[in-house]
Number of protein chains: 2
Amino acid sequence: MSNFKILHKDGKARVGLLETPHGVIETPNFNPVGTQATVKAMSPKDLNEIGVQMVLANTYHLMLRPGVKVIKSFGGLHKFMGWDRPIMTDSGGFQVFSLGGGMEEGSSKVVSSKNGKVKESPRPKLNKITEEGVTFQSHLDGSTHILTPEKSMELQLHLGADLTVAFDDHEYRDDAKHLLESIERTEGWAKRSLAAFKKLDSKQLMYGVVHGGTNKKLRIRSAKFTDQNFEAIALGGIYGTKKQMYQMIDYTLPQVSENKIRHLLGIGEIEDLIEGIKRGVDMFDCVAPTRRARFGSLYVSNNQTLSIGQSKYKADKKPIDPQCSCYTCQNFSRAYLRHLYLSGEILYHELATYHNIYFVTNLVKKIRKAIISNNLPNLKL
Amino acid sequence: MSNFKILHKDGKARVGLLETPHGVIETPNFNPVGTQATVKAMSPKDLNEIGVQMVLANTYHLMLRPGVKVIKSFGGLHKFMGWDRPIMTDSGGFQVFSLGGGMEEGSSKVVSSKNGKVKESPRPKLNKITEEGVTFQSHLDGSTHILTPEKSMELQLHLGADLTVAFDDHEYRDDAKHLLESIERTEGWAKRSLAAFKKLDSKQLMYGVVHGGTNKKLRIRSAKFTDQNFEAIALGGIYGTKKQMYQMIDYTLPQVSENKIRHLLGIGEIEDLIEGIKRGVDMFDCVAPTRRARFGSLYVSNNQTLSIGQSKYKADKKPIDPQCSCYTCQNFSRAYLRHLYLSGEILYHELATYHNIYFVTNLVKKIRKAIISNNLPNLKL
């Protein structure tokens, strides 16, 4: 049973509270990604300071290293990584399908496309997909593994996350026949995921995942199925362009119960957060803030970014964003950050990541306040 | 005029206070190295938490990137790097001589030697050493630069450190004739360093550097010269084996005034700190804690280290050092650190470096207390 309560609405946008075994999460909420049981360059102390409410860890990466057995021996991820607030794990499905296809771990599933067409999602040659599950080779040592709905649920139980995700199919191809096959497989795996959880006596909250690519009819079918079977609704799969993604959200959410929490998987650029929340999404996770930071792209006000490596910042005494209250902006200049960035210093990653996560976390807090005061359309970014 | 006061002695070991424009330093003291205006992987907040009293930054690296002009425009290093406690800069001399020779920046000057002989210190082919100074090529872009005593003093003035070092000769060769030539050059450059500071009206405290390799006679000559001309005494150059280094300290320190602060440049392994302090050294700097951390070598009690990558730590729930009170040891296991280390995670570097610097800082504090209670010989490591 989901412990989600909606406190207020402004149009379709919602403000709520989600109770979990590790505390209450205020929604809307953005979760930084801690793929390998660490949000890259951030300590739990940093994340607490910033006000991060939950992190998402990747089952695929953790099953291969250090191995779920090790994490289980600690009593789960919370103890292992020293983080006592909520954790969400994914099913591992996305990674085993996108492995070897050049997609970065946990990356956004929006395939950018200049001509508006959706590109086929790449997948590894070595995977074998059957009704049973997915056979794949470890990106670390080439060893062979299988992920099934039952296996994914067992791993997620031992990882001990507060929120989990049903095992789903990501074998996306842009035609109705294949999409339908994929939806049917996802539905079968969803039921097996639920049955496995019941058998394991897991009390974790599980998201079912709405698929259907950019096909309105299949999105609606998948949304209805997910709502009938799950207490928490995740939106996944390939969306095509941003415009198509927003359309798919518009088609999907009217099909699911108002009182269920909704998570837009793997999405989290600034404009996506705003557009998603306006449409009724409650939760997000994305590597954007952390990955952008590592590559020198830092968030500033007015929905902009700056590239800290640019020579114009060489002697710039201003903080990254003069309106930001984070530790980095309160103490360090663009010139210093540029120097650290160009020098390949580890401290650059700490300070830049801190800022980007703070910026997004703070933005979502502002959005939450704007919803409460029925002022979302006038929110200044 | 040095503002150094000795508060207590136990044998030759001393406890003192050094007043600087950015606060009082309790001695003995160990300075972590912040080569590029950052102690690798540590924020100023981390260093403050640990109780670090001073950091050492490298003039050579900073003159090339971001350039001293940029740092000067901030009013100096303190503002640029967000560190308001004391800073020491070196002269740049060591780096321009050791460039290209495979020595890591700021590395220990002890050349390890299995047969007990001192190896020739490597130096770059492209350097031109004259009485004027040293011409060298940037390791970043090959551009040609010159460092002279006057130039080094000007750079150190603009960097604005509390403690500085006179420009010295590092063209070491293991024979008396060359050593004598080198000592004479160092003496000439020392006088020019002093004259340059006077002309620039610098109020910074400047260390003169005692050289002489492993030659007792030359060490004594250099010590006397340095004591006659400087308010602060640094011990530099090549020492050979550890045993020879301790001998050279024994020969040198009786030649210098009791009331002057003494810094053993570039040295800071645990046993060196203890042996140095016992012999009357007050200050140390070394990349050992930070570099060891990056390569998986972590300090534990009883003057030991552990290699965190070893498989025996795979599921080890103990902290790095069960006796350590640092943030890392209070919150994380060896198993988690090993996982982060093997996964190449940035957080590994933060947590490991934090521990190693804390460990050394705390050890020197314990040594200080032991001196005050006349109990240094019984100190338990």
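In this structure, A:Asp285 touches A:Asn31, A:Val33, A:Leu56, A:Leu265, A:Gly266 and A:Gly268, leaving out residues up to four places away in sequence; two residues are in contact if their C-beta atoms, placed from the backbone, lie within 7 Å. The model is a predicted one, in which local features need pLDDT of at least 70 and side-chain atom pairs count only at pLDDT 80 or more, while totals for chains, interfaces and linings use all residues. Residues are numbered from 1 along each chain as its sequence is written, and chains are lettered from A and ligands numbered from 1 in the order in which they are written.

A:Asp285 belongs to strand β14 (residues 283–286) of chain A. Helices (H or I, at least four residues) and strands (E, at least two) are DSSP runs, numbered from the N terminus. A:Asp285 is buried because 24 other C-beta atoms lie within 10 Å. A residue is called buried if 20 or more other C-beta atoms lie within 10 Å of its own, exposed if 12 or fewer, and partly exposed in between, with C-beta atoms placed from the backbone.

An unreviewed UniProt entry gives the annotation "active site" to A:Asp90 and A:Asp285. These two residues span 196 residues in sequence, yet no two of their C-alpha atoms are more than 10.6 Å apart, so they gather at one spot. Such positions are given in the numbering used here, feature names are shortened, and annotations may be inferred rather than shown by experiment.

A:Asp90 is placed in the loop between β6 (87–89) and α5 (93–98) of chain A. A:Asp90 is buried, since 32 other C-beta atoms lie within 10 Å. Not counting residues up to four places away in sequence, A:Asp90 touches A:Leu56, A:Asn58, A:Thr59 and A:Val165.

Is A:Cys324 buried, partly exposed or exposed? With 19 C-beta neighbours inside 10 Å, A:Cys324 counts as partly exposed. A:Cys324 lies in the loop between β16 (304–307) and α12 (327–331) of chain A. Its contacts, not counting residues up to four places away in sequence, are A:Pro319, A:Cys329, A:His355 and A:Phe359.

A:Cys326 is placed in the loop between β16 and α12 of chain A. A:Cys326 counts as buried, because it has 22 C-beta neighbours inside 10 Å. Apart from its neighbours within four places in sequence, A:Cys326 is in contact with A:Tyr354, A:His355 and A:Tyr358.
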